[in-house]
Amino acid sequence: MARSLAAVLLLMVAAAGASHAASPAELYWKIALPTLPMPGAIRDLINPVSSAASASKDKEDTVGSVFFLEKDLFPGSKMTLHFTRATAGAALLPRGRADSVPFASEKLPEILSQLSVPAGSPAADAMRSTLAECEAAPQAGEAKRCATSLESMVEFAASSLGTRDVHAVSTEVDRAGPTPRQAYRVEAVRPVPVSGGDMVACHGMAYAYAVFGCHTTTAAAYTVTLAGADGTKAEALAACHADAAPGVAEAYKRLGVAPGSVPVCHFLPQDDMLWVRN
């Protein structure tokens, strides 16, 4: 008789305890996606290395706020970027723990109390904004979910893409700690194969623990090798949108082009992910 996922996880926990400590997220990944590498966006939450200082309180001072035209993404081009994390210092909760905490704007006072976050603090304000964003209606033709656990994120990606044969990719920077806002040179550009033409994007959000805002999208994606002025190397994900979606409408105005006329691109921060079919 086939064992349930929960039963297999319990056996793996027992085995792990006899050798080395493995996190619930690592155990789940080995069961759900055993042959696939874990993306840095998840790995860095499990094994944080001086990432707290890389959080930026200014949304305009993040890599995701820099927009450019797809035609300008080529080896030799230069851009000024600041790689930051919305989830810096946040813990990736096991599903049971995450599901035990309310996740709704109307429950915010109770949430703040349970998580020992002072009401009226910047952290509380950020959590209020995240809850409001999660509760906003999806765009036309879009499916969305705010995932409060790795299990929830994987299930949403698999459900949205119609298969569990999926993998995730994220931006990887070779510095463990924070990096400065600086000039980067594009060294290589490689398309991310998107089977079926659609994918799921999951964005790290500001919260007391790791929360990802996930949604379906048809954007084109690229892996871009970047070299920073201080020697930092990055394999950065770039998403290019060909429509005039609300999230990029202002970008068209900044770039001086008609909405939807040409693809507009941006890089993804280190705690964002793209899920695609294998």
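Predicted model: local features only at pLDDT ≥ 70, side-chain atom pairs only at ≥ 80, totals over all residues.
Trainee: Let's start with the open sheet. What is the strand order?

Mentor: The order is 3-8-7-12-4. Five strands make up this open sheet, and the pairing is antiparallel.

Trainee: Which strands are at the edges?

Mentor: Strand 3, residues 144-147, and strand 4, residues 166-170. Each of them pairs on one side only.

Trainee: And how are neighbouring strands turned against each other?

Mentor: By 25° on average, with direction ignored.

Trainee: Back to strand 3. How many bridges join it to strand 8?

Mentor: Four. Strand 8 covers residues 211-217, and the two strands run antiparallel.

Trainee: What stands opposite Arg 145 there?

Mentor: Cys 214, in strand 8.

Trainee: Okay, helices. Which strands does helix 7 lie across?

Mentor: Strands 3, 4, 7, 8 and 12. Helix 7 is residues 150-161, and it runs at about 40° to strand 12, which is residues 273-277.

Trainee: What about its span, first C-alpha to last?

Mentor: Helix 7 reaches 17 Å over twelve residues. That is close to the 16 Å expected at 1.5 Å a residue.

Trainee: Why call helix 7 largely enclosed?

Mentor: Nine of its twelve residues are buried, so the rest of the structure largely encloses it. Buried here means under 20% relative accessible area.

Trainee: Which residues are buried in helix 7?

Mentor: Among them are Leu 150, Met 153, Val 154, Phe 156 and Leu 161. Glu 151 and Ser 152 are buried too.

Trainee: What comes just after the helix?

Mentor: Gly 162, which takes a positive phi of about 75°.

Trainee: New topic, strand 9. Is it enclosed or open, and why?

Mentor: Largely enclosed by the rest of the structure, because seven of its nine residues are buried. Strand 9 is residues 220-228.

Trainee: How many bridges join it to strand 6?

Mentor: Seven. Strand 6 is residues 182-191 and runs antiparallel to strand 9. In that pairing, Val 186 has Leu 226 of strand 9 as its bridge partner.

Trainee: And how many bridges with strand 10?

Mentor: Eight, again in the antiparallel sense. Strand 10 is residues 233-241. Thr 223 has Leu 237 of strand 10 as its bridge partner.

Trainee: What sits between strands 9 and 10 in the hairpin?

Mentor: Four residues. In this hairpin, Gly 231 takes a positive phi near 100°.

Conventions
Residues numbered from 1 in each chain as written. Heavy atoms only, no water. Pairing = 2+ DSSP bridges. Axes fitted to C-alpha atoms, helices over the stretch in contact; angles between N-to-C directions. Contact = heavy atoms within 4.5 Å. Buried < 20%, exposed > 50% of the residue type's maximum accessible area, 1.4 Å probe, protein only. Expected span 1.5 Å × (residues − 1).
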